Amino acid sequence: MPSPGLQTTSDSIQRHDEGHEKYADVNWDELEFGVVPTDYMYTLSSKGDEFSQGHLTPYGNIELSPSAGVLNYGQGLFEGLKANRTEDGRFLLFRPEENALRMKIGAERMCMPSPSPQQFLDAVKQTVLANKRWVPPTGKGTLYLRPLLMGSGSVLGLGPAPEYTFLIFASPVGSYHKGRAALNLYVEDKLHRATPGGTGGIKSITNYSPVYLAQKQARAKGFSDVLFLDSLTGKYIEEITACNIFILKGNVISTPTIIHGTVLPGITRKSVIDIARDFGYQVEERVIPVEDLLEADEAFCTGTAVVVTPIGAVTYQDRRVEYKTGKGALSQKLYETITGIQTGRLEDKKGWTMEIN
C-alpha cells in the first residue's frame, strides 16, 4: 500500500487515467528494446542522508548543474526491473525488493544515501500505475523500469556530492536480443570489465561505457556480444557486457562466483540458480577456467533485460565451439519457467512476484 505521502499523487494520476485508453498507441508486434517515452517519471531528492517526499512529473528532460557529481565524477547507480501484465489484467513485479537491496549496497560503496526499501518500492509502484497503459499486452513485451540514483549536487573538488536525486523512468520493451536468437560471443582477452576491489559487483554507471570498445570491435567482426575474462590472470570467465553467464556440463551447472566483487549479483541469476536446483541440477558458483567454457554442453546468459538467452557459440582466440540451443535445451526450460512466474502463467510458489494495485 502506498505511503500516505504518495496518496495525493496517486489520486491525481487516477483522475488523469480515467480519460485515457487501456493501451497506449504502440505497435506491440514491432516492439524492440529501446526508449519509448511514457507519461510519467518519479523523483525523490535528498540533502544529506534523508530523502524527501517523492512525486510524479510528466516524462521529460531534467535539469542538472554542469558541476553535478554524477557528471564530473560518475557518482551514480542504476537498477533495472520489469512490470508484466497478466492475462487477467493484473500487473506483476518480479522480486523488486532485491533491486532495492542491491541499490542500497551499491550506494554504500559509492558514498551515497539511498532511498529506504519502502520508498524504493512505493516509487516503483507509483511509476507503473501512472504508466499502466504502456504495459504491453501479455506476450508482447514488458514495461522496463530504470531507477537511477545520482549525485546531483554541485562539486568541484573530488568528493561526494552534497545533494542526490533518485529518479525512475519507464519504457515498454520487447526482447533485448531480437527474436531471442542464440548469441555468438567473442571472448575478450585484452580489455577487461572489472577488477578486484573495484565496482564490478554493483550497478555503478561507470561499469558500462568502458565495455563499448570491446563490444564495438566484436560486432564489427560479426559477433553478438563480448564475454570478459578476469583482469588478474586472464584465465577465468566473468561476465558478458551486461549479463551473467552459466555453463552446463552433464548434470552440473556452473556460474562465476561473486565473492571477488567483479561479477554482478544478478537477480535473474539468483532466481535461475534456485529454479535449476528445483529441476534436480547441481549448481556451482565457482571460478571457471575458460577451458571449462569450451568443453561445456550448453551455455546461456541471464539478466533482467535478456531474461534467459541461449549462447549458440563462443570464439576464444582461434577456437570456436558451438552449443545446444532450441527445443530441449535447459536454457529454454528455464526461460519458460521464469517468464511463466513473471507473467502469472505459472504458480509463484516462492513468493517472488508482487502485484500492483
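1. Throughout this note, buried means under 20% relative accessible area, exposed over 50%, and partly exposed in between, with a 1.4 Å probe and protein chains only. By that criterion, Glu-298, Phe-300 and Thr-302 point one way from strand E14, Ala-299, Cys-301 and Gly-303 point the other way, and all are buried. Six of the six residues of E14 (residues 298–303) are buried, so this strand is largely enclosed by the rest of the structure. Helices (H or I, at least four residues) and strands (E, at least two) are DSSP runs, numbered from the N terminus.

2. The model is a predicted one, in which local features need pLDDT of at least 70 and side-chain atom pairs count only at pLDDT 80 or more, while totals for chains, interfaces and linings use all residues. Residues are numbered from 1 along each chain as its sequence is written, and side-chain values use heavy atoms, with hydrogens and water left out.

3. On confidence: pLDDT is the predictor's confidence in each residue, from 0 to 100. The chain averages a pLDDT of 93, and 94% of the residues score at least 70. Over residues 1–10, however, pLDDT stays under 50, and the model has 13 contacts beyond four places in sequence for this segment. A contact means heavy atoms within 4.5 Å.

4. On the pairing of E14: two strands pair if DSSP finds at least two bridges between them. Strand E11 (residues 244–249) runs antiparallel to E14 and is joined to E14 by five bridges; Phe-246 has Phe-300 as its bridge partner in E14. E14 also pairs with strand E15 (residues 307–316), in the antiparallel sense over four bridges. Gly-303 stands opposite Val-307 in E15, and the two strands E14 and E15 form a hairpin with three residues between them.

5. Strand E17 (residues 353–356) has a covered face, made of Met-354 and Ile-356, and an uncovered one, made of Thr-353 and Glu-355. E17 pairs with strand E5 (residues 91–94) in the antiparallel sense over four bridges. Within this pairing, Ile-356 of E17 is the bridge partner of Phe-91.

6. On the nonpolar cores: such a core is a set of buried Ala, Val, Leu, Ile, Met, Phe, Trp, Tyr and Cys residues joined through side-chain atoms within 4.5 Å. The largest has 39 residues, of which Leu-77, Leu-93, Val-124, Leu-145, Leu-149 and Phe-166 touch the most other members. Elements that each supply at least two residues of this core include E5, E17, helix H3 (96–109), helix H4 (117–130) and strand E6 (142–151). H4 gives the most to this core, with seven residues. Apart from it lies another core, of 23 residues, among them Val-187, Ile-237, Ile-245 and Ile-247.

7. On aromatic contacts: rings of Phe, Tyr and Trp (its six-membered ring) pair if their centres lie within 6.5 Å; planes under 30 degrees apart count as stacked, over 60 as edge-to-face and the rest as tilted. A search of the whole structure finds nine aromatic pairs. In one of them, the rings of Phe-78 and Tyr-208 have their centres 4.9 Å apart and their planes at 55°, so the pair is tilted. Phe-78 lies in strand E3 (residues 76–78) and Tyr-208 in the loop between strand E8 (183–188) and helix H5 (212–220), so the pair ties together parts that are 130 residues apart in sequence. Phe-78 is buried at a relative accessible area of 10%, and Tyr-208 is buried at 14%. Phe-33, Tyr-144 and Tyr-176 form one aromatic cluster.

8. On charges over rings: a charge sits over a ring if NZ of Lys or CZ of Arg is within 6 Å of the ring centre and within 35 degrees of the ring normal. Lys-221 lies over the face of Tyr-186, at 5.1 Å from the ring centre. Lys-333 lies over the face of Phe-279, at 4.1 Å from the ring centre.

9. Two loop residues complete the note. Arg-180, in the loop between E7 and E8, counts as buried at 16% relative accessibility. Arg-180 and Pro-310 are 130 residues apart in sequence and 7.8 Å apart in space, C-alpha to C-alpha. Leu-64, in the loop between strand E2 (55–58) and helix H2 (69–73), is partly exposed, with a relative accessible area of 29%. Leaving aside neighbours within four places in sequence, Leu-64 is in contact with Val-70, Leu-71, Met-150 and Ser-152.
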